[in-house]
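Please look at the aromatic side chains in this entry before reading on. The points below go through ring pairs, a ring cluster and charges placed over rings.

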Amino acid sequence: MRTRQAHKEPIVVREQLDFQLDGDDIPKYWMAGNPLKSRVFDAVQATFPDGERYFINSVRAFRDRIEDPALRQDVKDFMRQEGQHGMVHTQYNQRLDRQGIVTDAFTRHTRRVEQVRRKRYSPEYNLAMTAALEHFTAMMADLFFAEKSMLADADERVRAMFAWHAIEEMEHKAVAFDVMQKVAGVGYFKRCAAMTHATFAFSLYTLISPWFMLRMDGYSPSEAMQLYIQNTPWLFGKVLGRLLPMIARYYRPGFHPEDVPTVHNYMEWVEAYQAQGPLAAGEAMYAAAR
């Protein structure tokens, strides 16, 4: 029998975070001056405030059935972390609103999708969707922060916000999964069906939603299409191409999120955060990237 090496970090609730997102000197295209790359991140994060509520509600539906005190505490800390994520990304959406991006169009879409899921699917399937999407967000740390090239020349304040979010997603990466398996009793096939559903929905949104943000920025259809063409190696190679093998792990029978090693520069972030706060932590994590 294979012995599992658990990669588990403590779930730490961090509050009253200030990433100085109100700064007028943050570039509109904060990701190396690249409109499409910036809007890919902006569009995905626009879903986070409502998405985090969906995650919290999906796990909360099973909270009263949890008997393990350690898992109950993990769920409590998970919900508090997700609540903080919603607050910070709401502030970031307000920044986008000031640029002329109608973030309400994206948040309304997210809410509609979640309402349909809650009405159409069982609590167990919604929890399985949450566990699958939590795997996506936990992969952010490895995908974007393990190597310097992924976020080179990004504005340090926005990069620090995403670094903090990625760190905390790795800390609570197993919570929804454990509730799904140990409490809700979701089996392998439903888990895989939910991941397939989540992968299709997430990929489609990631490809389409930046188009609408670019149009709000004033780009014509032909100009927006040219940006997609120019950034095809990054979008389909460096991002989706690296993401697919990470997703494939989830389909392995016996998979558990703690099988996935914590990103190598995790402790650099933690130590810098404890000493100097979230902005310094983001810079320390980036400096320690390969």
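1. This is a predicted model. F177 and F255 are both buried. They form a ring pair with centres 5.9 Å apart and planes at 85°. Planes over 60 degrees apart count as edge-to-face, so this pair, at 85°, is edge-to-face.

2. Where do F177 and F255 lie in the chain? F177 belongs to helix α8, residues 175-183, while F255 is in the loop between α11 (232-248) and α12 (266-276). The two residues are 78 residues apart, and their pair links distant parts of the chain.

3. The structure holds 15 aromatic pairs. One of them joins W30 and F41, whose ring centres are 5.4 Å apart. The planes of W30 and F41 meet at 70°, so this pair is also edge-to-face.

4. W30 sits in the segment before α1 (35-46), and F41 sits in helix α1 itself. The pair therefore ties together parts that are 11 residues apart in sequence. Are W30 and F41 buried or exposed? Both are buried.

5. W30 and F41 also belong to a cluster.

6. R159 lies over the face of Y286, 3.8 Å from the ring centre. In R191, the charged end sits over the ring of Y250, at 5.4 Å from the centre of that ring.

Definitions and conventions
Residues are numbered from 1 along each chain as its sequence is written. This is a predicted model: local features need pLDDT of at least 70, side-chain atom pairs count only at pLDDT 80 or more; totals for chains, interfaces and linings use all residues. Side-chain values use heavy atoms; hydrogens and water are left out. Rings of Phe, Tyr and Trp (its six-membered ring) pair if their centres lie within 6.5 Å; planes under 30 degrees apart count as stacked, over 60 as edge-to-face and the rest as tilted. Helices (H or I, at least four residues) and strands (E, at least two) are DSSP runs, numbered from the N terminus. Buried means under 20% relative accessible area, exposed over 50%, partly exposed in between (1.4 Å probe, protein chains only). A charge sits over a ring if NZ of Lys or CZ of Arg is within 6 Å of the ring centre and within 35 degrees of the ring normal.
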